[in-house]
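Reader: Hi! Could you walk me through this one?
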Amino acid sequence: MGILEQFLSNTTRRYGAALRWSLNHGKIVMAFAVLTLGLTVFFASQLNKEFMPDEDKGWLLCFALAPEGSTSEYTDRMVRKMETMVAKVPEVKGYFSAVALAMGSPGQSSQGLAFIQLKEGKRQHLRDIVGGPTGLAGQFFNGVEGAFVIPIIPKSIGRGFTQPFALVVQSQDLIALNKYAEGLTNQLRAAGFLMNVRTTFELNKPELRVNIDRDRAAAVGVTVQDISRTMQILFGGLDLVKVNIKGKEYDVIAQLERSSRLTPMDLEKLYIRNTRGELVQLNNIIHYETGAGPSAIHHYNRWRSATIEGTPVGVPMGTAIEKTLAMLKKDLPDGFRYEWTGEARDLIESSGQIYFVMLLAVIVIYMVLAAQFESLIHPLTVMLTLPLAAFGAFGGLWVMNLISNIGILGVIQGMGINLYSQIGMILLFGLVTKNAILLVDFANQQMTQGKSAKEAMEQAGLIRLRPILMTAVATIMGILPIAIGFGASGEARRPLGVAAVCGMTTSTFLTLFVIPVVYVFFSSLTKQRVLKTGAQMIIIGFATVLLTSCATQHVQKDQQSVNLPKGWKNASEKTTNEAHSSIPQNWWTVFNDKTLNFLETLAVEYNQDLAIAMANVDKARALARVERADLFPKIEANPSIERDRFSENSMNSGGFSSKPSNTFKAPLDLSYELDIWGKVRSAFAAGLADAQAEAAAYQTIHLTMTVDVAKTYFTIAALDSEIDALTSGLELRRRAVSMLDLRYQKGMNSELTLHQAQTVFAQAQADLIDAKRRRENFVNALAVLCGQTASDFKLPHEPLNTPTTAIPLSIPSDVLKNRPDIIEAEKLMTAANELIGVAQASFFPSVTLTGGAGFTSAQADDLLKWGSREWSIGPSVNLPIFNGGQLTAKLEAEKAEYQKALADYRKRVLTAFSEVENTLADIKLRAEQSTAQKDLLQSARQTAAISTERYKEGLVSFLEVIDAERSRLQAERDAIKIQSEELIAAAQLVKAIGGRWVN
């Protein structure tokens, strides 16, 4: 103890001299501190980036990938070659291999795998066994020539049995996807920084395409069903029945022997019996060809995709990603996109999130220190230890990485920025501030006794030196075993220990000199009130930046679903070349029909579906304002009067009796949650988008309703015209019956002719009644559309006379952008995108500022006196730690909802294209049909007149007159129907294009 005490006393004496020199030469110390910050940036920029370092867990996984279409026997031979090489490795304890192993789905005959267990005790590291000069990776590459063998080193956190580097290239065009994925794979192989590069999508699976000569098969009496069934049974197999033998069930399968179904030539040996019982050689009625196709069509986020896998060699994962991004930026085709998955995705996500975690740590540390010191200045002094610690952490990792590259101590794994070193940095933030707290707290006590800042810090340094060294050495020694790498998988956790030990060491040393100088400097500025004002401005500016720019990242809107057409295939050349005509907002006015205009005005004012839609719009707008209200502070006044009595037997009463007492309160409470991560803004944006979607839905209902009114009105007018035609025809038939009855009485025609005329007359009466019934039903439907009571609503009889060329057909190609249902889908997609931001913000802590002020008194008369005042203020932080995966599930649900909204948007666009084309084709063909029908009607009228004259002359029977009249009446009814359908198609076109367009 005497030697240790002497050592500590000498150390304290020397430190005192060095501290006084530092305080007298503060500029030099500050310059040295700035230099350390510069070196910190340099060290951080030079470190490699990876998600997690490789670790030796005592076992290895190997995949053998044979060419597509390989048989299980061929793959087995490749796996046996792999086993031979594995068995020669002295560190291998045992292994298990399998071919076509089923893992959640039927196994593939072209794939094999092996689990390799290593011996315990002293041996080579797994990394050297796989990747050394004579490692398994090189042996597999050179020795297994007929397959692709990939050794995978397992990690503590992984995404299954895949290689760490995984790039997903996406495109809807399979041919282009295969071409680009194959080209990029070759580029990555040639670049040399990846090993075992392969793509999961290749058009190389052998296919045998059998085409049936249907004409020849029919000629020889063989059906397509017989051909397909024969091939299915003989080559694919058919489960016929199950048999029970000694208590065990066996499937009875009809199928050719394996040796008889291995090559395409085996098809030539088959015969099929035709309908006449004769045997026909299958080769005579089919022809086949060999080709290649995809083994599977993979999808990633609903897009067709190809995953390019590989294992970085000689470079860390971060460098491999950067080099690949440079290739993608250079030649990624239009219409393609890419995503990262596997360990590469983990690295990218963790690299982005670590900065939010560090920022959060800084905020929490500042808030705690501000509350402890009751000052906004002293926490800044203490927090200068954080960059001093970062200098040691990054510097230590850089030095260890340099030693590893030189090879002095062999390969030191993971000396870069990875998950473990990032955890070490967060741990370091919580440890290093305690040294500065000891100095600043003691110096503040000394200054309250009247000492100057310089004297106070000298005293604090000398007295607090031993506690600082004691706690620092204890912490370093506690973490040192992790830095050395003791224990199972210790080499993987070594970056955590190195970052913490080196950061703690440099921070402890630099804190003893830099913090005193900074404290004295800040104290001098505080006296001049310069620092206090500056600190307030910095804090306000920092809070402003947080509130305006720390929103969570959303997914990007992907609306590249369908390109707008350049023209319409069913628009005639004449109309396409015409200048685009305009359709007004009240589109029905182009028909120039007063009755239709009145009905549309009535419907717009009284239709109940429109009223419901408008109520939905108002509700959505109000809900958006509810979300917006969270952007502002909430102030509440909660006056109260309480009268209570405590129990005599309670712990707090002390055994004394308690009398009833009154408490009068008049508080004013304030609370405000800082929208640091943009949660409230995203919720308001989602609510606003929902309101806009409801407004678009209102326009959709408005358009649908007005089109339905026009269609119903045109249908009623057509029925009025049909009723007029039927009434006229009924009168003609009545006269014919009277005339034939008179002729029958005189014996000029038979009784059969009279009954035929009476039958036709009765049929005409029935048709007229049915037309009136249908008209009444449509009038009642129109009453509902117009918001009127059916019993009070009447529509005068008015035959159809509206022109059919009212709607211009020269439609601009981009008119669908203004279709309200497409706008609604786009707004719903925007809302879903914003809700993803809300779900993402839920992962981060929420900071709430609360405050209250008011008066409290036991007497009502003293309530508003100055002595009754009370107040409180302070922040609170709510940090989600564990919730059973609820937040993750919510985020996944919101992402799925966005994909659903995106698919709905694409569907509506495609439906809109189809509706426009269908309506244009309908209008075009209806016009041609109308011309033909007019000729038919003219011919039917002439035929009816001629047959009547010839009957009077006795040249034809009355049956021909009846047929001619029936044809004439049907032609008139069809002409009326075609005219109404032309008008209905015009109205439907207005709906298909979204209501209107304006030049």
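Reader: Thanks! How do α18 and α20 cross, left-handed or right-handed?

Author: Their crossing is right-handed, meaning that the near helix is turned clockwise from the far one by less than a right angle. Before we go on, this is a predicted model, where local features need pLDDT of at least 70 and side-chain atom pairs count only at pLDDT 80 or more, while totals for chains, interfaces and linings use all residues. Residues are numbered from 1 along each chain as its sequence is written, and side-chain values use heavy atoms, with hydrogens and water left out.

Reader: Good to know. What angle do α18 and α20 pack at?

Author: About 145°, with the axes of α18 (residues 594–606) and α20 (residues 679–745) 10 Å apart. Axes are lines fitted to C-alpha atoms over the stretch in contact, and angles run from 0 to 180 degrees between N-to-C directions. Helices are DSSP runs of H or I with at least four residues, and strands are E runs of at least two, numbered from the N terminus.

Reader: Which residues of α18 meet α20?

Author: Thr595, Leu596, Leu599, Glu600, Ala603 and Val604 do, and among their partners in α20 are His702, Met705 and Tyr713. Contact here means heavy atoms within 4.5 Å. By class, the α18 contact with α20 has nine nonpolar, three polar and one charged residues.

Reader: New topic: which residues touch the most other members in the largest nonpolar core?

Author: Of its 62 residues, those are Leu369, Val382, Phe394, Met425, Phe429 and Val514. Such a core is a set of buried Ala, Val, Leu, Ile, Met, Phe, Trp, Tyr and Cys residues joined through side-chain atoms within 4.5 Å. Helix α15 (490–527) gives the most to this core, with 14 residues.

Reader: And what does Val514 touch?

Author: Leaving out residues up to four places away in sequence, Val514 touches Val29, Ala33 and Leu388.

Reader: Hopping to Ser305, why does it count as buried?

Author: Because its relative accessibility is 3%, and buried means under 20% relative accessible area with a 1.4 Å probe, protein chains only. Ser305 is in strand β14 (residues 303–312). Beyond four places in sequence, its contacts include Val168, Phe201 and His299.

Reader: Last one: what joins the side chains of Gln446 and Lys451?

Author: A polar contact of 2.9 Å, that is, a pair of N or O atoms within 3.5 Å, one able to donate a hydrogen and the other to accept it. Gln446 lies in α13 (residues 419–448) and counts as buried at 8% relative accessibility.

Definitions and conventions. Buried means under 20% relative accessible area, exposed over 50%, partly exposed in between (1.4 Å probe, protein chains only). Ala, Val, Leu, Ile, Met, Phe, Trp, Tyr, Cys and Pro count as nonpolar, Asp, Glu, Lys and Arg as charged, and the others, Gly among them, as polar.
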